[in-house]
Amino acid sequence: SAERTFQLLTQAAGRAGRGDLPGEVVIQTYQPEHYAIVHSANQDYSSFYEEEILYRDLMQYPPVANMLAVQIYAAIEKEGERIANELAGESKGLAERLAKENGWSIKDKVQIIGPAPAGIGKINDIYRFVFYVKHGDLEILVQQKDRLEEVVKAMEMKGINIQFDFNPMNGL
């Protein structure tokens, strides 16, 4: 969200003052000290990047690590929730197996976040659930996706759709 805030504010400020007329930008915020606000006010791209990449490294977010978003869409809420929990459980099982086989430390392990209702939990009478899988190695996430696809095929689900998104640009 900091990157999006920085983008929008720098774009808005860049549009102020066209031609010979000077422009003025007023930003109203509850967090005037936030680095995205401070750096966008100064139009300081490199300082914003330096600070943002530290947070991404700390949280293991792209581009430092990779992320797989698994999205579940269902007409029946309880069924969607059940499938989301089952798939997340399968993903956790595979992650534990990989950690044991490779002797990974905590930092090297695959992280599973969720499942939970998506940011917008229901659109057009379709319930939405999501969970995320994070790891530094994209190939590990491809293995996760492939395994989940096998599980989905074996389930022969009706009225449920599953989508996979590598390194999603937006929260779902």
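**Reading the labels on a predicted chain**

Student: Why is R82 called partly exposed?

Tutor: R82 has a relative accessible area of 40%. Buried means under 20%, exposed means over 50%, and partly exposed is in between (1.4 Å probe, protein chains only), so 40% makes R82 partly exposed. This is a predicted model, in which local features need pLDDT of at least 70 and side-chain atom pairs count only at pLDDT 80 or more, while totals for chains, interfaces and linings use all residues. Residues are numbered from 1 along each chain as its sequence is written, and side-chain values use heavy atoms, with hydrogens and water left out.

Student: How do you know that R82 and E79 form a salt bridge?

Tutor: Their side chains meet with N and O 2.6 Å apart. A salt bridge is a side-chain nitrogen of Lys or Arg within 4 Å of a carboxyl oxygen of Asp or Glu, so the pair of R82 and E79 at 2.6 Å qualifies. In general, side chains of opposite charge can pair when their charged atoms come close.

Student: Where do R82 and E79 sit in the chain?

Tutor: Both are in helix α4, residues 77-102, three residues apart, which is about one turn of the helix. E79 is partly exposed, with 30% relative accessibility.

Student: What makes R82 and E86 a salt bridge?

Tutor: The closest N and O atoms of R82 and E86 are 3.0 Å apart, so the pair meets the cut-off for a salt bridge. E86 counts as partly exposed at 36% relative accessibility. R82 and E86 both lie in helix α4, four residues apart, about one turn of the helix.

Student: Which parts of the chain does the salt bridge between R147 and E90 link?

Tutor: The side chains of R147 and E90 meet at 2.9 Å, N to O.

Student: Why is H39 called buried?

Tutor: The relative accessible area of H39 is 12%, which falls under the limit for buried, so H39 is buried. H39 is in helix α2, residues 35-41.

Student: How do you know that H39 and E51 make a polar contact?

Tutor: Their side chains are joined at 3.0 Å. A polar contact is a pair of N or O atoms within 3.5 Å; within protein, one must be able to donate a hydrogen and the other to accept it, and residues adjacent in sequence count only if both atoms are side-chain atoms. H39 also touches F6, D44, S47 and F48, besides E51, leaving aside residues up to four places away in sequence; contact means heavy atoms within 4.5 Å.

Student: Is Q60 buried or exposed?

Tutor: Q60 is buried, because its relative accessible area is 18%. Q60 lies in the loop between α3 and β1 and has a positive phi of about 60° although it is not a glycine. Q43, in the loop between α2 and α3, likewise has a positive phi, near 55°, but Q43 counts as partly exposed at 33%.

Student: Which residues are joined by a cis peptide bond with omega of about 10°?

Tutor: P62 and P63 are, and P63 lies in the loop between α3 and β1. Another cis peptide bond joins G114 and P115, with omega about 15°; P115 is in strand β2, residues 111-123.

Student: How does the radius of gyration of the chain stand against a compact globule of 172 residues?

Tutor: The chain has 20 Å, whereas such a globule would be near 16 Å. The radius is taken over C-alpha atoms, and the globule rule is 2.2 Å times the number of residues to the power 0.38. The C-alpha atoms fill a box of roughly 65 × 45 × 25 Å along the principal axes. The chain holds five helices and four strands, in the order α-α-α-β-α-β-β-α-β.

Note on methods: Helices (H or I, at least four residues) and strands (E, at least two) are DSSP runs, numbered from the N terminus.
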